[in-house]
Amino acid sequence: MIAFPRLMPTVGIVSKAFQLQRTDYLSPEQGGRLGAMGGGPPLWSLSLGLGDMSFEHDDLITAFVDGQRGPMRRFLAFDIGRQMPRFHAGGVPYRETPSSWSHGISAESSDAGTAYLTLVGLLPGQVVSTGDYVGFGWGDGRCTMVRAQESASATAGGLVAFAVEPALPRVVPAGAVATLRRATCLMRLVPGQTTLGEHGLGYVSAGGRITALQDLVP
Amino acid sequence: MKIFSDDARAAIEEGSATSASAIEILCDPPVRVWSGYEPREIDGVVHQPIGDAGLVKSTGASLGGADQGITLELSGVEPASLALFDASMLRRAPVIVRRAIFDSSATRMLDVQPFARGSIDQVPVEDTAGGTSVIRAMVETAARGLGRRGGRMRTDADQRLISPTDGGMRKISYAGQVNLYWGGKKPANASAALPGSGSAAGVSIVNQA
């Protein structure tokens, strides 16, 4: 039996882009200021480039894409290049799940609007590096993630605070479970931009691409 | 005009504001949606999230001109929200469109103001096979016919909907037009002088009366 949402495939991937996409209503005037209205909170986008791969790996990728039924089903996406904190990826022990967390938006003039995340209950000295992800899970399999803007290390009491982007969406309830290991968010495939490589003689050629956009739901 | 709070004005001037729109349609049951991602209380009532940045598509107005109305466009919305839009319940329901200003993190609401009020005029649904599916809600503002009792009485066709034998409006179906021909040949027949046909040689000035 397959449980949905599935985890995204991890085979055959040679390149990835995991970025924030935002809608902006920019000023159309060339000489004017660039600043304008934003169109709401940003969403994560995922683009996976597929390289040459064996038929066995292609079977897995094809089954995944087929099973998503275009944009009908959600899947669990994560940054395949950063599945755990960078400092601890080499085996330095760390605690994956903080006992509690809090989130606030700065009102200082120097960093107005910057979102700060505070994690409590980590190991003393545990390091969060720039680019590390923190995932939040709640409700019926709902999840989203934020990315660290700066490096920080936990105090002797296991507390660490750092700036994150994007600001944690308000849809995340206060009781959500935070995790530092393989932070995921729900995504749907973007139809028309997900293509698979062609079968050649003995292997499947490069050129496939999987494109997806976050589906942020309460 | 709309008067935003100091915080919202400062964010707009700085270029760090984020806008969202909320729509309240007072049919039965009322539909309250907004363009964010979490249920949010706006002016005392909870609006459901549909996460659509293009909620309010077009609004327009010109001083002294005809009222242009508002088009609300919903595309790619959650099926749960789609179920709310039962077209048979929406007829002439009052609508309030609100515009909310957030800070740059898009999580802290600085201000929310009613942007326009009106009533639902038409709710066309467009499904393009292999393309997009869009629900549009066209909203009439108070400047256009909110006070009318019956159907609109503007053209002959509208009048005949009320009474098939009433031809009292048949001569005012079109706005009058006068074509002046300066230095050119007059059209050979009357049909060429009507709008939509090829223009005669020379300069023509169309004067809309």
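Which residue forms a salt bridge with B:Asp6?

1. The partner of B:Asp6 is B:Arg9, with the closest N and O atoms 3.8 Å apart. A salt bridge here is a side-chain nitrogen of Lys or Arg within 4 Å of a carboxyl oxygen of Asp or Glu. Both residues lie in helix H1 of chain B, three residues apart, about one turn of the helix. Helices (H or I, at least four residues) and strands (E, at least two) are DSSP runs, numbered from the N terminus. Over all chains the rule counts twelve salt bridges.

2. **Basis.** This is a predicted model: local features need pLDDT of at least 70, side-chain atom pairs count only at pLDDT 80 or more, and totals for chains, interfaces and linings use all residues. Residues are numbered from 1 along each chain as its sequence is written, chains are lettered from A and ligands numbered from 1 in the order in which they are written, and side-chain values use heavy atoms, with hydrogens and water left out.

3. **Confidence, chain by chain.** The model scores ipTM 0.79 and pTM 0.75. Mean pLDDT (the predictor's confidence in each residue, from 0 to 100) is 90 for chain A, where 95% of residues reach 70 or more. Chain B averages 71, and 56% of its residues score at least 70.

4. **Stretches to treat with care.** Residues 62–66 of chain B have pLDDT below 50 and one contact beyond near neighbours in sequence. Contact means heavy atoms within 4.5 Å. Residues 197–209 of chain B also stay under 50, with 26 contacts beyond four places in sequence. Where pLDDT is low, the predicted coordinates should not be read in detail.

5. **The interface.** Chain B contributes 21 residues and chain A 23. Together they bury about 1700 Å², 56% of it on carbon and sulfur atoms. Buried area is the accessible area (1.4 Å probe) that two parts lose on being put together, summed over both. On the chain B side, helix H1 (6–14) and strand S1 (18–25) each supply at least two residues. H1(B) gives the most, with three.

6. **An aromatic pair.** B:Trp34 and B:Phe102 are stacked, 5.9 Å centre to centre with 15° between the planes. B:Trp34 lies in strand S2 and B:Phe102 in strand S7 of chain B, so the pair ties together parts 68 residues apart in sequence. Rings of Phe, Tyr and Trp (its six-membered ring) pair if their centres lie within 6.5 Å; planes under 30 degrees apart count as stacked, over 60 as edge-to-face and the rest as tilted.
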